[in-house]
Structures are given as C-alpha cells and as structure tokens.
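Please read this briefing alongside the sequence and the 3D view. The points below are grouped by topic.

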Amino acid sequence: MRVNILLSTFNGELYLEELLRSLDKQTYRHIKVFIRDDGSTDNTCGILKEYVQSNNNVEVIFGENIGVIKSFYSLLKQNDFYGELYAFCDQDDIWLPNKIERAVSILKKNSQENTLYCAGLEYVTNELAYIKRSRMPFWIGFENAIIENVATGCTLVFDYSLRGKFLEASPSSMLMHDWWMYMLASTSGHIVFDEYYGILYRQHNSSVTPIEKDKSNLMNKVRDIIYLLKHRKFIGSLNWLGQAEKFINTYSSFIENELLVKNLRNLIKKKPLLERIKFFFKPTVHSNYKYKDYVFRVKILFGVGFRG
C-alpha cells in the first residue's frame with residue numbers, strides 16, 4: 001500500500017533540506033512525495049529542483065501563492081489514487097525513520113474505512129534541542145473538535161475514503177486543513193491516537209513560545225497563557241463556531257452534532273442567562289487543557305470575546 005506524502009512549501013530554505021533527508025530515510029519504502037511550492041521567493045525552489053532530480057519518487061509543482069490551506073487542498077485534489085494512504089507534511093520538521101511504517105502497520109490492523117491516524121510530537125528548538133513531548137488527548141471527538149484541534153497535520157495519515165469526504169468541502173470553510181480533517185473523522189470516521197513520537201517538531205519564536213525544561217509546570221502554563229493572549233489564539237478569538245456551522249452544512253452530520261452547534265450559537269448570540277449558567281457547570285464541549293476549558297466556560301457565561 002503506497003503512502004502519498006503531501007508537502008506544501010513556502011520560503012522554507014532554512015530547514016527544508018533536513019526535512020527532505022528525513023523523508024528519504026523512511027523505513028517504509030512504498031512512498032511517493034508530492035510537493036507544491038506556494039510562491040516562494042527564497043531558495044526553496046532551487047532546493048526542490050535539486051531534490052526532484054535526484055529522486056524518482058518525487059513530483060513538484062511550482063505554483064502561485066494561495067495560502068497553506070488551499071495549497072494542501074490542491075495537493076490532495078490533484079492526487080487521486082484509489083485505495084492508497086495520504087500524509088500531510090510540513091517543511092521544517094524532521095520525521096523519524098519509522099514514522100510512516102508505524103502508521104501503516106496500525107492502519108492495517110484497524111482495517112476500517114474513514115480512519116485518521118494521529119501520532120505524538122517531540123517539541124524541539126530551532127537547533128533541535130529537546131523541549132517536551134506532546135501529551136495524548138483525553139477528550140477526542142466532535143465535542144472537542146468543534147473548539148480545538150488536537151490532530152496536528154504533520155502527524156496525520158489517512159485513507160482514500162477520508163480524502164474524498166474532505167474534498168467535498170470548500171477550503172474557504174476551513175480555519176486549518178488538519179482541524180477540518182479532525183472534525184471529519186470525529187463525525188463520520190475513526191480516529192486512532194498512537195502514543196508514538198515520530199516527529200521532531202520545531203518551535204519557532206514567531207509561532208510558539210519556547211518552553212524551557214528547567215521551568216516549573218506553573219510557569220510553563222503562565223507563559224502559554226501569555227502567548228495565547230498575545231497572539232489571540234484562545235478559543236473565542238478564532239471563528240471556530242462559524243467553521244463548525246459550515247461543517248454541518250457541508251455534510252449530513254449526526255443530528256446531535258447539529259443540535260450541539262445550534263445550541264452553542266444560541267448561548268453566544270441570545271445569551272440566555274440560565275442556560276449559560278448551566279453550561280458553565282455542565283459544559284457540552286471540552287478542551288484538553290484545563291485552563292483553556294475554564295476560560296471558554298467563563299466566556300460563555302459572560303457572553304464575551306467570541307467572533308461570528
């Protein structure tokens with residue numbers, strides 16, 4: 001069974017060669033790499049041209065800048081291979097050699113259609129110094145997927161059936177392509193979380209606050225909260241509810257999912273106090289982070305801080 005690795009690049013010259021070398025070292029050899037460059041202006045295109053010349057299992061498209069979601073969507077749409085598997089790939093990570101082999105083995109054992117495989121992450125600095133490992137989520141399903149994504153794109157491997165369902169949606173409906181895939185699998189498929197850390201996941205100063213090993217857990221949480229506030233990434237600053245509404249309008253979802261989304265819209269828009277108090281003590285959606293979960297319930301209670 002072939003695994004089609006989908007890589008979207010954009011101005012990634014700094015770490016791209018390391019990522020490509022790690023793909024070459026995969027122990028599972030039945031793979032093909034499809035790359036779309038999203039209008040890079042640095043030496044990314046030069047690196048890709050050299051890479052495709054030295055590898056017969058690589059195809060590269062040099063496109064105009066359309067953004068990461070549309071770029072991955074385009075890659076998935078253009079590569080239609082019945083019965084095969086697909087994996088998203090980011091330009092600045094390092095894949096451990098048995099990442100794909102592990103995913104394929106687990107998916108074969110699962111043998112169900114519409115299955116999404118997710119693995120863990122080992123967070124590292126730009127220089128690959130260890131920071132921490134991601135933890136396995138304890139809330140999995142639409143009640144979680146509606147408000148946050150715990151299925152990081154570069155860890156995902158999924159089957160042809162999920163690919164088809166994903167392409168029924170418009171990329172303009174998605175906050176992120178991997179988040180949408182998580183919602184999709186949580187409603188009409190199966191999700192397999194593997195306690196395996198197959199990626200060295202670089203944390204850039206521009207995107208995620210580095211977490212130092214010698215800091216206390218409390219200090220780590222405080223720094224996380226400060227970062228999330230600064231970069232407006234708390235639940236509520238993103239139009240997660242608008243995405244959820246587009247999701248249930250795209251697919252014939254289970255009625256309970258549709259009711260859940262409508263009830264949340266009612267809580268936020270019409271602000272019935274008694275219902276908001278009930279939600280605070282007995283929420284119907286859950287984050288995998290206690291402080292984010294609490295902040296979300298407080299925002300619902302006071303009806304503030306939400307978009308859409």
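D293 and R297 are both buried, which here means under 20% relative accessible area, with exposed meaning over 50% and partly exposed in between (1.4 Å probe, protein chains only). The two residues form a salt bridge, their closest N and O atoms being 3.8 Å apart; the term stands for a side-chain nitrogen of Lys or Arg within 4 Å of a carboxyl oxygen of Asp or Glu. This is a predicted model, in which local features need pLDDT of at least 70 and side-chain atom pairs count only at pLDDT 80 or more, while totals for chains, interfaces and linings use all residues. Residues are numbered from 1 along each chain as its sequence is written, and side-chain values use heavy atoms, with hydrogens and water left out.

**Salt bridges**

- The count of salt bridges comes to 12.
- Side chains of opposite charge can pair when their charged atoms come close.
- D293 and R297 are four residues apart in helix α12, so about one helical turn separates them. Helices (H or I, at least four residues) and strands (E, at least two) are DSSP runs, numbered from the N terminus.
- E275 and K278 also meet in a salt bridge, at 3.6 Å from N to O. They are three residues apart in helix α11, and therefore about one helical turn separates them.
- Both ends of that pair are partly exposed: E275 has a relative accessible area of 38%, and K278 has one of 47%.
- R133 and E122 form a salt bridge at 3.2 Å, N to O. This pair links distant parts of the chain, with R133 in strand β7 (residues 130-133) and E122 in strand β6 (residues 115-124), 11 residues apart.
- R133 is partly exposed at 45% relative accessible area, whereas E122 is buried at 18%.

**Helix α11**

- Which residues of helix α11 are buried? In this helix (residues 273-281) they are R276, F279 and F280.
- Seen down the axis of α11, these buried residues fall within an arc of 105°, so they line one face of the helix. The arc is taken from the directions from the helix axis to the C-beta atoms.
- L274 and F281 are exposed on the other side of α11.
- The buried residues of α11 pack against α10 (255-269) and α12 (290-302), where contact means heavy atoms within 4.5 Å.

**Helix α7**

- T187 lies in helix α7 (residues 177-188) and is buried, at 10% relative accessibility.
- Apart from neighbours within four places in sequence, T187 contacts F142, F247, F254 and N257.
- T187 and I248 are 61 residues apart in sequence, and their C-alpha atoms are 9.9 Å apart in space.
- D178 is also placed in helix α7, and D178 is buried with a relative accessible area of 10%.
- With neighbours within four places in sequence again left aside, D178 is in contact with N149, A151, T152, G153 and L156.

**Cysteines**

- A disulfide is a covalent bond between the sulfur atoms of two cysteines.
- How many disulfides does a search of the whole structure find? The result is zero, with a disulfide taken as a pair of cysteine sulfur atoms within 2.5 Å.
- The cysteine sulfur closest to that of C89 is in C154, 7.8 Å away, too far for a bond.
- C89 is buried at 0% relative accessibility, and C45 is buried at 18%.

**Second largest pocket**

- The second largest pocket holds about 280 Å³ of space.
- On a 1 Å grid over the protein atoms alone, a pocket is an open set of points where a 1.4 Å probe fits, with protein on both sides within 12 Å along at least five of seven lines. Grid points are joined across faces, edges and corners, and a volume is the space filled by probe spheres set on the points.
- The second largest pocket is lined by 15 residues, and M1, G83, L85, D159 and Y160 lie nearest its centre. Lining residues have an atom within 4 Å of a point.
- α4 (99-110) and α6 (160-166) each supply at least two residues of this lining, and the largest share, three residues, comes from α4.

**Positive phi**

- Most residues other than glycine have a negative phi.
- S111, though not a glycine, has a positive phi of about 50°. S111 sits in the loop between α4 and β6 and is exposed at 58% relative accessibility.
- L128, also not a glycine, has a positive phi of about 70°. L128 is in the loop between β6 and β7 and is partly exposed at 31% relative accessibility.
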